[in-house]
Amino acid sequence: MPTVAPAGRALHYFVVQYRRWWRTSLLISFINPALYLAAMGVGLGGLIDHGGSAAPLGGHSYLAFLAPGLLAATAMQTAVGENTWPVGNAMRWSRSYVAMVATPLRPSDAMAGHVLFAGARAGLGAGAFLVVAALFGALDSPWAVAAWPVAVLCGLAHAAPAAAFSVGRTHDQAYAALQRFVVIPLFLFSGVFFPISQLPAVLRVVAWATPLWHGVALCRDLCLGQAHPLPALGHVAYLACWALVGGWLAAAAYRKALAT
């Protein structure tokens, strides 16, 4: 298992690399939420609210319903993005993982550092998203602040499994396939844009099993001011399980990949 100090040194490497392009990344973190919330929350949401369709949304505006879902989805996309192509780069192209394990760092330390960096990037993106959502008036409760750590946990719940998948891939087409066949369906059918009660029963069960739905549900409950302790703890525990099991699988995958 990774320990804190070596994993912190690996994390420091990725933070130093991030200094080269953090301004662009931060700018995008503000622009993308503004575009989504303006087009879908205000534009499309105006049509939905005007059509009297707010009842299935608990009486909240579509903008207020949509924003927490996009918050969790943004954290998921950022974390998976950081733990797909960048993992391939560190493993095969720049070979920075190989350089790390040539030092006292172990493969699990390199993995933990990279997954933590993905969580940090998800946290930056989630923070920017909440600021933009507040400016749009999309947050109905002060408990929305608590959605930030939930979004970070949601990012980690996806980052660790993504790292486990990515480190052993020999062609980058696998990362595109992961985005196309896993990330996009998750984004569309995990309750971000509409309640999963609208899905057929079979797909509803699949949506319940996804970590993104739990992140969306808890972020939404907090942002709408309708969170309850026991369901909230259940969502947190489920996301933590994905992060821990994913981390365990990733550590094993890194040991195997870096042993050769």
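User: How many salt bridges does the structure hold?

Analyst: Side chains of opposite charge can pair when their charged atoms come close. A salt bridge is a side-chain nitrogen of Lys or Arg within 4 Å of a carboxyl oxygen of Asp or Glu. This structure holds two. It is a predicted model: local features need pLDDT of at least 70, side-chain atom pairs count only at pLDDT 80 or more, and totals for chains, interfaces and linings use all residues. Residues are numbered from 1 along each chain as its sequence is written, and side-chain values use heavy atoms, leaving out hydrogens and water.

User: Which residue forms a salt bridge with Arg 121?

Analyst: Glu 82 does, with the closest N and O atoms 3.2 Å apart. The pair links distant parts of the chain. Arg 121 lies in helix α6 (residues 107-135) and Glu 82 in helix α3, 39 residues apart. Helices here are DSSP runs (H or I, at least four residues), numbered from the N terminus.

User: Is Glu 82 buried or exposed?

Analyst: Buried means under 20% relative accessible area, exposed over 50%, partly exposed in between (1.4 Å probe, protein chains only). Glu 82 has 6%, so it is buried. Arg 121 is buried too, at 17%.

User: What about Arg 106: which residue does it form a salt bridge with?

Analyst: Arg 106 pairs with Asp 109, the closest N and O atoms being 3.2 Å apart. Arg 106 is partly exposed, at 35% relative accessibility. Asp 109 is buried, at 1%.

Definitions and conventions:
Helix = DSSP H or I, 4+ residues; strand = E, 2+ residues; numbered from the N terminus.
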